[in-house]
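I opened my notebook to jot down a few things I wanted to look up. Here is what I was working from.

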Amino acid sequence: GLLGIPFTKEYGGQALDGVSLCLILEELGRVDPAIALTVESHNGLCSNHIFVAGNEEQKKKYLPRLTSGEALGAWALTEPSAGSDANSLKTTAVRQNGGWVINGTKTFTTQGSVAGLYLIFAQTGKGRSAFVVEKGTPGLSVGKIEHKMGLRHSDTAQLDFHDMKVGEDQLVGRQDKAFYDAMKVLDAGRVAISGVSVGIARGAVEHGTAWVKARLSEFGVGEGPGLTGAQKMLADLATEVDAARLMTWRAAVFMDQGKPYSREASMAKLFSGDLAMKAPTMILDLMGPAGALLDNPVQRLFRDAKLYQIGEGSSQIQELIISRQMLELGKK
């Protein structure tokens, strides 16, 4: 049931709340951030976009396939020249013969080569629109599959669209208004991905704690400067993990209660994403040469963690969102 965590029973989901989603993703993230990313992106992006913006016919047609795991979902927004700036899309959808013709390229698409359903964003004249597209649609091809530093078994690929024809019934939400739906989806996604980041940091701290305990047992080290330094590091990191977890849960509760939570989501994403990178780094420093070995699980957490500072809005974008709300910039 992990591919339908937050969705209602009528669409085959588990009907769990946002806090439960974050708890599940934390547990996955502490062991395998790549599997956690597959579960998070499938639930939080493609599936959730259809759930949030799709009509009833689309929900009944597509969500049961996604929630059952019959098909993985991919959310294709990022382009080679449009990463953090979703307003600069070059992919276009043009009306033709009662439907649409899509041309363009997407990059860094999670589940890009393995998805059964794609949610694709394109320029449609006065704004951005979103379309749900089946795997195997003529004109849809998978380009380069990325070989990454971390998250090696989370699929990331380029997508190319050449005169890809889709029907009017594949338009998800209102024409030219998909940007606003995407912002809602990203807010929810930032809460979910924060759960994974908490898990990464927690996993690193758990490995570090076990390593220090083993050294104490093996060498009988008494209280001294080295141990004191390790104790302080572990205590500080454990405190930050709890702080990140509580920030994530706060955003999740606000989301569940229907309250505004954009700033809380960005704060959780910023703090937990940076901690996901910080904790493995410090634990590897603590371990010394043992931290450089490829059979050390912390080095994989370290390599996997970088994406969690970048995906679904980088740390810098989260700082921009938070400061804009604090300063009420753009408020009418």
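**Entry 1: the model.** I reminded myself that this is a predicted model.

**Entry 2: Leu151.** I looked up the backbone angles and stopped at Leu151, where phi is near 50 degrees. That is a positive value, and the residue isn't a glycine. Where does Leu151 sit? I found Leu151 in the loop between strand S6 (140-145) and strand S7 (156-167).

**Entry 3: Asp163.** Here I noted another positive phi in a residue other than glycine: Asp163 has a value near 50 degrees. Asp163 is placed in strand S7. Its relative accessible area is 39%, so I wrote down Asp163 as partly exposed.

**Entry 4: H6 and H8.** Next I turned to helices. To describe two packed helices, I need the angle between their axes and the distance between the axes. For helix H6 (residues 262-287) and helix H8 (residues 315-327), I got an angle of about 145 degrees, with the axes 9 Å apart. The crossing of H6 and H8 is left-handed.

Which residues make the contact? On the H6 side I listed Ser262, Arg263, Ser266, Met267, Lys269, Leu270 and Asp274. H8 brings Ser315, Gln318, Glu319, Ile321, Ile322, Gln325 and Met326. I sorted the residues of this H6 and H8 contact by type and got five nonpolar, five polar and four charged.

Terms used: Residues are numbered from 1 along each chain as its sequence is written. This is a predicted model: local features need pLDDT of at least 70, side-chain atom pairs count only at pLDDT 80 or more; totals for chains, interfaces and linings use all residues. Side-chain values use heavy atoms; hydrogens and water are left out. Helices (H or I, at least four residues) and strands (E, at least two) are DSSP runs, numbered from the N terminus. Buried means under 20% relative accessible area, exposed over 50%, partly exposed in between (1.4 Å probe, protein chains only). Axes are lines fitted to C-alpha atoms, for helices over the stretch in contact, and angles run from 0 to 180 degrees between N-to-C directions. A crossing is left-handed if the near helix is turned anticlockwise from the far one by less than a right angle, and right-handed if clockwise. Contact means heavy atoms within 4.5 Å. Ala, Val, Leu, Ile, Met, Phe, Trp, Tyr, Cys and Pro count as nonpolar, Asp, Glu, Lys and Arg as charged, and the others, Gly among them, as polar.
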